[in-house]
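Visitor: I would like to learn how to read a model like this one. Please take me through it feature by feature.

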There are 4 protein chains.
Amino acid sequence: MTEETPMSAANDNFTVAGRSYRSRLLVGTGKYKDLDETARAIEASGAEIVTVAVRRTNIGQNAGEPNILDVLPPEKYTILPNTAGCYDVDSAVRTCRLARELLDGHSLVKLEVLGDEKTLFPDVMATLEAAKVLVADGFDVMVYTNDDPIIAKQLEEIGCCAVMPLAAPIGSGLGIRNPLNIRTIVENASVPILVDAGVGTASDAAVAMELGCDGVLMNTAIAAARDPVLMASAMRKGIEAGREAYRAGRMQARRFASASSPIEGLFF
Amino acid sequence: MTEETPMSAANDNFTVAGRSYRSRLLVGTGKYKDLDETARAIEASGAEIVTVAVRRTNIGQNAGEPNILDVLPPEKYTILPNTAGCYDVDSAVRTCRLARELLDGHSLVKLEVLGDEKTLFPDVMATLEAAKVLVADGFDVMVYTNDDPIIAKQLEEIGCCAVMPLAAPIGSGLGIRNPLNIRTIVENASVPILVDAGVGTASDAAVAMELGCDGVLMNTAIAAARDPVLMASAMRKGIEAGREAYRAGRMQARRFASASSPIEGLFF
Amino acid sequence: MTEETPMSAANDNFTVAGRSYRSRLLVGTGKYKDLDETARAIEASGAEIVTVAVRRTNIGQNAGEPNILDVLPPEKYTILPNTAGCYDVDSAVRTCRLARELLDGHSLVKLEVLGDEKTLFPDVMATLEAAKVLVADGFDVMVYTNDDPIIAKQLEEIGCCAVMPLAAPIGSGLGIRNPLNIRTIVENASVPILVDAGVGTASDAAVAMELGCDGVLMNTAIAAARDPVLMASAMRKGIEAGREAYRAGRMQARRFASASSPIEGLFF
Amino acid sequence: MTEETPMSAANDNFTVAGRSYRSRLLVGTGKYKDLDETARAIEASGAEIVTVAVRRTNIGQNAGEPNILDVLPPEKYTILPNTAGCYDVDSAVRTCRLARELLDGHSLVKLEVLGDEKTLFPDVMATLEAAKVLVADGFDVMVYTNDDPIIAKQLEEIGCCAVMPLAAPIGSGLGIRNPLNIRTIVENASVPILVDAGVGTASDAAVAMELGCDGVLMNTAIAAARDPVLMASAMRKGIEAGREAYRAGRMQARRFASASSPIEGLFF
């Protein structure tokens, strides 16, 4: 038990849509070499919630083809169907309904409605509209959005169960481009905030958690590493490190150790 | 063994002065509330090398007072005496010799010769001179320096067994101010490079490791956290996360997921 | 004429709503000590477009009180009425109509619909709606928004004549928090892009122009400087410097002067 | 005189080695297409001090070849011979003495002793030694160094008339990598501090001046721009903008305009 921290990890679970999780790292299933690598990386990540792009991945709609659920047994993982590849309200809503059917009424989804194929930024107008429809239809909606604090709050007020601002464009690996925005979203929120998209390496994940986020969702940063399984382990530890640092309360930054060296006013 | 990564941690030891360590986190003993907190934080950090400021801490020179070695048994920890508080060559050299006597011939020391009391930056001229004396006298010298790649190489050429550039001023918690310099030092080095001073939180430690450093030494970032023991655990995981991410080979950062979006030439 | 650059400044005018301007610095009138300081700072800034918060500043609605137009003669300055302080569609639209009446049918306005009083972030949903109403009503709408490239494009498609993303929160002086987003907005745009809000000092203004923006609007950075008139001059030169650097085509950044030192892949 | 700022520029001269200059931009002569472009760029920069690499440029040592002084008349420009290409004390000292002979006893030089050909970082040990020799020999020594505050102070104490820390490696165009170090150097100094090397675009130059530097020396950033003459003008304005912003006293940065939003303690 030498890995155990003084404040028991059991006391620090993350809860979304009424269910509690020990891991704050959520992962995707795309871009791996094969299903075996997918399974090993997800295992190493410690993730308990795994997101699946319904329009790209077989979760039963294509009978007779390899089914991702074969390596992701639902008794072990919470499957989070997502609407990657949807550019309008209708296709996003339809995709969620298809997923619910295929997964026997499972109501948890990750909504993303994209604005264009180049940036993969969300279309927040369409996202808000789709979120309203899905919430009214009984879905538990985790929602991908930009890092605008006002939009984040509006998505919460619509009834989304978690808000997931981007750190940087999907697949960029650029890390958290605007930490102050993420911090503001966290400060204003009453639902879990998870960084979704843009994380590139373990320190990025740690920074997200140090900003007070409840979790991080990633895919490319693991799958496109030279050694995805080892990177999955790195991400797991990065998330835990950042979370513990957040809870431990970091030292105040200052220019020098001497008492009279505040950083305030020296904004470079 | 669920914490184990695919490439066994046993294969990734850190070696300095002929001895091998599993942990790449080195910690100090200053600024804690009491010896008990010191001991618990060091335990949680997983550190195997603990640095002690000989001019501030009793390692036997003051008989009858509490001895730090009582909570840091030498069979468990490698004690690394340091010359904190020394501003000239002579006092630094004398301090190392005193430590060697008190520690029964133990030859591993951390040399720091400071330039002024405000910044606590090293005086690299005096540091080079002291390092020459100590190496000639048979010490294994780990040496605190600035982040200048040329100086780092000169310290290596003198015979120092590890070079320890600052991330930021001692006690500042500002994180790695000049990652490109640290990277250049790492690329040029044939001895271990450890970041010493300036780390403020777990992601800072992870960044140091992702840059290819062999380890990180810290004190204030742990001792001055609201919960030092929990922060020690965070730092341990941050170091491991950064090391694994470095070994795993991170994805290339790009502006967008689309193939034709290099970041090159867009230096902001 | 020693100030003249080789490519005549006359060739580099900025055009919005069918009118051409030599200056790319737009300024506000708030927070000055008195009208005299306001006038001197605006003179030193070289601005030709001056924005006025209709709900806070008398442009004729309060007969018998000092009128800002007395120090900003319309034959010298283009007055840009703005909707600062409006938190919903109706009040923003009404404010624009009031301004048009007071200014004898002048149709150029700056629309801002704010999301909350703490962050002063825009409510982009309400902004899009108000913009549609105003464009349909014959206004030339310059519009304050967040730095989301999709929203920026939607505002352009609605018919706004200029899109004005924030650099950072209004009145923060934090500079451009997300340069990559601003760059993406510029690359995608067919209308002028001006940074609005968040600039703190002259280099911030230069950076905005180097990113390819058509101009910068600011108020607090000038009015809250210790010497507003000198800062106005600094901003003027910062804008010109950044614009010229953008047109001159900066050198490629690289790690070292040696040919084989690309920065690509070393994203820290 | 519309370019004139309220506090007359005549009151803000920069003085080095007993001579006063209006311009705070110092430029080099390397890497231009031809002497004509060199002359036009230097003219557009407004520079009054021009540095010449004695080992690469003919200032008279090669009779019968084009002489840079033909386009840089000494009655208009202060020629600043530099020791670029010198990697040891002797060659640097000899180069300065050669320059003094060729320039009829002119004692102002820029000393640089480089550490290696890859990074072009200074060898500060050798630099300190060469500086001592040159000061004793009656030279006015402006000295290129790293951004270490202690070294900068030691160079000042030796008697150098100006200290010139790097912003980033020579020829990199990376901008100011460690603004806090430059700021600390400025705060501690009694001689002029000029940033030398690493500036890439106009905003970088402005930042250097906003940090309180007395001037900036650059070469590649102008010569390697697509349009060097226009970039020279941009740099001139960037320097002036940054200087005026420094004198004007920038607004305090804060998270939001609201009074209670300090940035302190939110170091990301």
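Guide: Start with the inventory: chain A has eight helices and ten strands. Helices (H or I, at least four residues) and strands (E, at least two) are DSSP runs, numbered from the N terminus. This is a predicted model, in which local features need pLDDT of at least 70, side-chain atom pairs count only at pLDDT 80 or more, and totals for chains, interfaces and linings use all residues. Residues are numbered from 1 along each chain as its sequence is written, chains are lettered from A and ligands numbered from 1 in the order in which they are written, and side-chain values use heavy atoms, with hydrogens and water left out.

Visitor: How is the radius of gyration of chain A to be read?

Guide: The radius is taken over C-alpha atoms, and the globule rule is 2.2 Å times the number of residues to the power 0.38. For the 268 residues of chain A the rule gives 18 Å; the radius of gyration is 19 Å, close to that value, so chain A is as compact as a globular protein of that length. The C-alpha trace of chain A spans about 70 × 40 × 35 Å along its principal axes.

Visitor: What share of the residues of chain A counts as buried?

Guide: Buried means under 20% relative accessible area, exposed over 50%, and partly exposed in between (1.4 Å probe, protein chains only). In chain A, 64% of the 268 residues count as buried.

Visitor: And the contacts in chain A: what share joins residues at least 24 apart?

Guide: Contact means heavy atoms within 4.5 Å. Take contacts in chain A between residues at least 6 apart in sequence: 64% of them join residues at least 24 apart.

Visitor: Now helix pairs. At what angle do helix 3 and helix 4 of chain D cross?

Guide: Axes are lines fitted to C-alpha atoms, for helices over the stretch in contact, and angles run from 0 to 180 degrees between N-to-C directions. The axes of helix 3 (residues 124–136) and helix 4 (residues 149–158) of chain D come within 9 Å and cross at roughly 15°. Angles under 35 degrees count as roughly parallel, over 145 as roughly antiparallel, 65 to 115 as roughly perpendicular and the rest as oblique. Helix 3 and helix 4 of chain D are therefore roughly parallel to each other.

Visitor: Which residues make that contact?

Guide: Helix 3 of chain D brings D:Val124, D:Thr127, D:Leu128, D:Ala131, D:Lys132 and D:Val135; helix 4 of chain D brings D:Ile151, D:Gln154, D:Leu155 and D:Ile158. By class, that is seven nonpolar, two polar and one charged. Ala, Val, Leu, Ile, Met, Phe, Trp, Tyr, Cys and Pro count as nonpolar, Asp, Glu, Lys and Arg as charged, and the others, Gly among them, as polar.

Visitor: How do helix 6 and helix 8 of chain D cross?

Guide: The axes of helix 6 (residues 202–210) and helix 8 (residues 228–248) of chain D come within 7 Å and cross at roughly 30°. That makes helix 6 of chain D roughly parallel to helix 8 of chain D. Nine nonpolar, two polar and two charged residues form the contact of these two helices.

Visitor: Is D:Val143 buried or exposed?

Guide: D:Val143 has 0% relative accessibility, so it counts as buried. D:Val143 sits in strand 7 (residues 140–145) of chain D. Beyond neighbours within four places in sequence, its contacts include D:Leu111, D:Thr127 and D:Leu155.

Visitor: Why is helix 6 of chain B called largely enclosed?

Guide: Eight of its nine residues are buried, so helix 6 of chain B is largely enclosed by the rest of the structure. Its buried residues pack against elements of chains A and B, including helix 6 (202–210) and helix 8 (228–248) of chain A. B:Gly212 follows helix 6 of chain B, with a positive phi near 100°.

Visitor: What does B:Thr201 contact?

Guide: Setting aside neighbours within four places in sequence, B:Thr201 contacts A:Glu210, A:Ala245, A:Arg250, B:Met231 and B:Met235. B:Thr201 lies in the loop between strand 9 (194–196) and helix 6 (202–210) of chain B. At 4% relative accessibility, B:Thr201 counts as buried.
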